[in-house]
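Subject: Structure handover, ligand site

Hello,

Please find the structure below. My notes on the ligand and its surroundings follow.

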Amino acid sequence: MGSTRTGDADPQIYLASRSPRRAELLAQIGIRFALAPADTDETPRQGESPRDYVSRVALDKARAAASALGSAAALPVLAADTAVVSGDRILGKPRDEAEALAMLRALSGSTHRVLTGVCLAVGQAMRSVVSESQVSFRPISEAEMRRYWQTGEPCDKAGGYAIQGLGALFVTHLRGSYSGVMGLPLCETGQLLERAGIGLIAVGEAGA
Ligand SMILES: Cc1cn([C@H]2C[C@H](O)[C@@H](COP(=O)(O)OP(=O)(O)OP(=O)(O)O)O2)c(=O)[nH]c1=O
């Protein structure tokens, strides 16, 4: 809990996440952070809308991390949750090949939504935002789906694919936030951080 990333002395925030994608995206905008992953129940509640779901789970993750840090949580705590929504079904991370293939079948040749809830806890104050994107997939054959599963990429990704990986081969159209689909919408996250007094785009910083 609260382990500082190598090279990130003097962190500005805690990132309540085990997702390597979220760490990568946060590093992309130059934030210094320490990892403080939290365990929470990610089961959707009866009748909960996808927006309410990602918002609640992101808040639960931030709250759980802040309470585990206790008095060490002097820094803001950032958490996020991503769900792929096909029709009105929330697709989480597939537990096995059968579930992954069922998800890919549902996404094949159609358009789905990707919702990412982000929560920034600053002391007792919780600020949240939800990013929504639409992603269209070309038709995917059964053989392709099986080969894709065997790459190992789908297993820890909501909806069973990664837009930043081989999953990009299926995407014909994206409307919304690429970083949001990947797990942390950077525009919205940047605005939450700025509101908490954490400045971005420091003068004199080199670009990528
Ligand atoms: C749709 C999609 C999801 N994902 C990933 C982002 C998230 O890591 C994961 C969604 O699961 P989450 O439950 O949101 O996050 P997580 O359990 O991986 O990490 P945390 O510790 O923060 O709770 O799916 C991609 O990497 N690319 C994609 O294109």
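Predicted model: local features only at pLDDT ≥ 70, side-chain atom pairs only at ≥ 80, totals over all residues.

A pocket here is an open set of points on a 1 Å grid over the protein atoms alone, with protein on both sides within 12 Å along at least five of seven lines, where a 1.4 Å probe fits; lining residues have an atom within 4 Å of a point.

Residues are numbered from 1 along each chain as its sequence is written, and side-chain values use heavy atoms, with hydrogens and water left out.

The ligand is surrounded by 20 residues (a heavy atom within 4 Å); S17, R18, R22, K61 and K93 are the closest. By class, this shell holds 9 charged, 7 nonpolar and 4 polar residues, with Gly counted as polar.

On its own the ligand has 600 Å² of accessible area (Shrake-Rupley, 1.4 Å probe), and the protein covers 95% of that.

α1 (20–28), β4 (77–86) and α5 (178–182) each supply at least two shell residues; β4 gives the most, with 3. Helices (at least four residues) and strands (at least two) are DSSP runs.

The largest pocket holds about 720 Å³ of space. It is lined by 35 residues, of which E42, D81, T82, K93 and D156 are closest to its centre. The lining comprises 16 nonpolar, 11 charged and 8 polar residues. β4 again gives the most, with 4 residues.

Regards

Key
Points joined across faces, edges and corners; volume = space filled by probe spheres on them.
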